[in-house]
Amino acid sequence: MFKKLAMAVMIFLGFGCAATAQNADDLISDAQQALGDVDSVMYSGSAQYVNFQQCSANAAARRCEGTHDPMRVITEYQRVIDLDAPASRETGNTRNIGPGGSTTIGDGTFFQHVSSEQAELSGDWADSLEYYITPWGFLQGAQEQGATSNRRTLHGESYRVLSWSPDVRAPSGASYVINGYINDDNLVEHVETWVGQNIMGDMHVFASYTGWRDFGGFMVPTSIEQTRGGWPYFKAAVTNADANMNNVASLLPAPAAGGGGFGGGRGPVEVTVEDLGNDLYRFTTGPGSYDSLFYEFDDHIMMLEAGASHDAIAAYIAEAKRMMPGKPIRYVMNTHPHADHTAGLPVILAEGATIITQANNQEFFERALNTPRTLLDDALARNPQKVWVETVDTRKTYTDGQHTVEMLHIYPAPHSNGLMVAYFPQEGVLFQGDFSLPRPGQPGNDHVQAIVPALIKLGVTDFDRYINVHASAEPETKDQLWAATGR
């Protein structure tokens, strides 16, 4: 009796799985036909994007008013998608500030490319997802990867949902998942996935495609919007489109080699410590370093800035514990939330430290760093902690009577609306993040020009040493700062 019942259940489940697969196959086919069953598509118009977790200042808005505010304008925007390759390329013209702390507006090019090699579903999901979150790429992946289908409600609307996973797995070993929401017209209205990101954790990547229009036998959305981690990332307004182009290969040449990022290692880390007096220390790894300060209070340690790689921050922490045994690292001060000044935060936060940051950064840090990290395999993923954020409005003092540090909001400043410096009155030290001094005799850029008026307004002019998170070749002074601003 039991064997007959078990066989009946297996047969029922088998029919159920076959029906689900068949339903998914039919839905994929119907959606591809609704889009025009194209081999390639090209669309153009205007767009906006952000320099994610960095400053987005541009010709139209010279000051950063938030982590991803303002968005940057792209004119003559164009995207080409080749499903046969498969590959994708986005281009356009921009007028933004230059890299490396520049405040000069210049002409530039927006460029985003997914090559055929990057589109391999056994490769890096972060590299390929820009192709697969498009309606056409999503359906292609769904067809190849054996998608499943179900019904789901999103934003009060009912959709048929296709779900599938690439072959590659996340660093944690978990599977990535991508979902496509198909409306009653068989059009892909939303696509979502998740990817591990150093600060954003399991970062939700969500793309919406609305205002679908027939451009001559094939459909293209006239409004495209993408968010990452719930924050603005990309928008496009499409005015023209073409499909099945004969010259698609020439529109998608191979990209130039290159790359980079934050949070990785760069070989063995050697930490050098400079004693600044009164239990204040500067930690550095030499040229190209992101320096940190450590301040020893009576019953705890404060770390200031964690912008270095995970390996470097781990080495800094190990050295601090060796030098100051038995004391917890209670705080980590962040100068501002740009990616290169937050890269090592997961390492120190796994120790249970509280972030000290300017109040304008609170929402970003609390949302981002308390997102689950199931796709990552780093210190914070292995030792999950509730991340606590302590904020500074204009200024805030931390002291035990023998050691004092003041956190100061530098505003207005073009680089960030949440920019802070640390002032150590007893040691005569000012520690800052991105006000790098020019060569002797050269004027400071707009960032540097902003710091001195703010310091004077706050009454902070009595210091000798001027320390940058970005290691300088030689020690710098207040006199050099004042000279760079013509004072």
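Q: What counts as a helix here, and where does the numbering start?
A: A helix is a DSSP run of H or I with at least four residues, and the numbering goes from the N terminus. Helix 3, for one, covers residues 135–144. Just after helix 3 comes Gly-146, which takes a positive phi of about 65°. Keep in mind that this is a predicted model.

Q: What makes helix 3 mostly covered?
A: Buried means under 20% relative accessible area, and eight of the 10 residues of helix 3 are buried. They are Pro-135, Trp-136, Gly-137, Phe-138, Leu-139, Gln-140, Gly-141 and Ala-142.

Q: Why are strand 12 and strand 18 called edges?
A: Seven strands form an open sheet, in the order 12-13-14-15-16-17-18, with mixed pairing. Strand 12 (272–277) and strand 18 (389–392) each have a single partner strand, so one side of each is left without a neighbour in the sheet. On average, neighbouring strands of this sheet are turned by 25° against each other, direction ignored.

Q: How do you know that strand 13 and strand 14 pair?
A: At least two bridges are needed for a pair, and strand 13 (residues 280–284) has four to strand 14 (residues 292–296), therefore the two count as paired. They run antiparallel, and Leu-280 stands opposite Tyr-295 in strand 14.

Q: Which strands does helix 5 lie across?
A: Helix 5 (residues 310–323) lies across strand 12, strand 13, strand 14, strand 15 (301–304) and strand 16 (329–333). Helix 5 runs at about 145° to strand 13.

Q: What makes strand 19 and strand 24 the edge strands of their sheet?
A: Their sheet is an open one of six strands, ordered 19-20-21-22-23-24, and its pairing is mixed. Strand 19 (395–399) and strand 24 (476–477) each pair on one side only. Helix 9 (residues 446–458) packs on this sheet, touching strand 19, strand 20 (404–409), strand 21 (420–424), strand 22 and strand 23. The direction of helix 9 makes about 120° with that of strand 20.

Q: How do you know that strand 22 and strand 23 pair, and in which sense?
A: Four bridges join strand 22 (residues 429–432) to strand 23 (residues 465–468), in the parallel sense. Here Phe-431 stands opposite Ile-467 in strand 23.

Q: Why is the contact between Asp-107 and Arg-95 called a salt bridge?
A: The cut-off is 4 Å between a side-chain nitrogen of Lys or Arg and a carboxyl oxygen of Asp or Glu. The closest N and O atoms of Asp-107 and Arg-95 are 2.7 Å apart, so the pair qualifies. This pair links distant parts of the chain: Asp-107 is in strand 4 (residues 105–114) and Arg-95 in strand 3 (residues 87–97), 12 residues apart.

Q: Are these two partners buried or exposed?
A: Exposed means over 50%. Asp-107 has 68% relative accessibility, so it counts as exposed. Arg-95, at 42%, counts as partly exposed.

Q: What makes Arg-330 and Asp-299 a salt bridge?
A: Their closest N and O atoms are 3.7 Å apart, and the limit is 4 Å. Arg-330 sits in strand 16 and Asp-299 in the loop between strand 14 and strand 15, 31 residues apart. Arg-330 is partly exposed at 34% relative accessibility, and Asp-299 is partly exposed at 45%.

Q: How many salt bridges does a search of the whole structure find?
A: The search finds 16 salt bridges. One of them joins the side chains of Lys-396 and Glu-390 (3.5 Å, N to O).

Q: Why remark on the phi of Glu-76?
A: Most residues other than glycine have a negative phi. Glu-76 is not a glycine, yet has a positive phi of about 50°. Glu-76 lies in strand 2 and is exposed, with a relative accessible area of 63%.

Q: What makes the bond from Ala-85 to Pro-86 stand out?
A: Most peptide bonds are trans. The bond from Ala-85 to Pro-86 is cis, with omega near -20°. Pro-86 is in the loop between strand 2 (72–82) and strand 3. Another cis bond joins Tyr-411 and Pro-412, with omega about 0°.

Conventions. Residues are numbered from 1 along each chain as its sequence is written. This is a predicted model: local features need pLDDT of at least 70, side-chain atom pairs count only at pLDDT 80 or more; totals for chains, interfaces and linings use all residues. Side-chain values use heavy atoms; hydrogens and water are left out. Axes are lines fitted to C-alpha atoms, for helices over the stretch in contact, and angles run from 0 to 180 degrees between N-to-C directions. Contact means heavy atoms within 4.5 Å. Buried means under 20% relative accessible area, exposed over 50%, partly exposed in between (1.4 Å probe, protein chains only).
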